[in-house]
Amino acid sequence: MPDFDVDFCFERRGEVIEYVTRKYGADRTGQIVTFGTLKAKAVIKDVSRALDIPYDDANAIAKLVPEDPHMTLAKAFEDEPKLKAMSEEPRYKDLFEIARKLENKNRHTSFHAAGIVIGKTALTDFVPLFKDSKTGIVATQFTMDYLEKCGLVKMDFLGLKT
């Protein structure tokens, strides 16, 4: 099934979302959830914080992970001998053991940058929803990869600066 991409001025994109919500109903429209995951550097920093490893030590370890959006801990150990050596030190045993287990797990929710869904009936007929306590935004609990299988079409209301 296709999705729809529509470009709007970024300054008024919010108004378009409000209009669609009023026109089709708040129960039939919502944003799409995304999940931020624990990548190699982030998992080292988060686990270090949980284990009370000093901030400077955690940063020094994380800086040994090569800059690459697709970097994994396993590849980082291959590419950086200092990191591999640190992973074998007893004082960092727990850090790396836990980090390996948590790597690529979901860390937090966010909203798809442009994704909106509009249902023929209430969205709860198709997918579970959640309401963000800070913003009041209603979003699907399924990512865009699963919405089509649930019978929803994704609309991308892109906010462009040019």
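The largest pocket is lined by Ile17, Val20, Thr21, Ala26, Thr29, Gly30, Gln31, Ile116, Gly136, Ile137 and Val138. Two elements give two or more residues to this lining: helix H1 (13-24) and strand S2 (29-37). The volume of the largest pocket is about 210 Å³. Its lining residues divide into 6 nonpolar, 5 polar and no charged.

This is a predicted model, in which local features need pLDDT of at least 70, side-chain atom pairs count only at pLDDT 80 or more, and totals for chains, interfaces and linings use all residues. Residues are numbered from 1 along each chain as its sequence is written, and side-chain values use heavy atoms, with hydrogens and water left out.

Some terms first. Helices (H or I, at least four residues) and strands (E, at least two) are DSSP runs, numbered from the N terminus. A pocket is found on a 1 Å grid over the protein atoms alone, as an open set of points where a 1.4 Å probe fits, with protein on both sides within 12 Å along at least five of seven lines; lining residues have an atom within 4 Å of a point. Volume is the space filled by probe spheres set on the points, which are joined across faces, edges and corners. Ala, Val, Leu, Ile, Met, Phe, Trp, Tyr, Cys and Pro count as nonpolar, Asp, Glu, Lys and Arg as charged, and the others, Gly among them, as polar.

Next comes Thr140, in strand S5 (residues 138-140). Thr140 counts as buried because its relative accessibility is 0%; the cut-offs are under 20% for buried and over 50% for exposed, with partly exposed in between (1.4 Å probe, protein chains only). The side chain of Thr140 reaches the backbone oxygen of Phe142 at 2.7 Å. Beyond its neighbours within four places in sequence, Thr140 is in contact (heavy atoms within 4.5 Å) with Gln31, Ile32, Val33, Val117, Val127, Pro128, Leu129, Phe130 and Leu147.

Val127 also touches Cys150. Setting aside neighbours within four places in sequence, Cys150 is in contact with Phe126, Val127 and Phe142. Cys150 and Phe126 are 24 residues apart in sequence, yet 5.8 Å apart in space, C-alpha to C-alpha. Cys150 lies in the loop between helix H7 (144-147) and strand S6 (154-160). Its relative accessible area is 23%, so Cys150 is partly exposed. Cys9 counts as partly exposed too, because its relative accessibility is 39%. With a disulfide taken as a pair of cysteine sulfur atoms within 2.5 Å, the count comes to 0 disulfides.

Turn now to helix H2 (residues 40-50). Here Ala40, Val43, Ile44, Asp46, Val47 and Ser48 are buried. These buried residues pack against helix H3 (55-63), helix H4 (73-79), helix H6 (93-102) and strand S3 (106-118).

Two loop residues complete the tour. Asp52 lies in the loop between H2 and H3. Asp52 is not a glycine, but has a positive phi of about 60°. With a relative accessible area of 67%, Asp52 is exposed. Asn104 sits in the loop between H6 and S3. Asn104 has a positive phi of about 70°, although it is not a glycine. At 41% relative accessibility, Asn104 counts as partly exposed.

How values were computed:
Polar contact = N/O pair within 3.5 Å; in protein donor to acceptor, adjacent residues only side chain to side chain.
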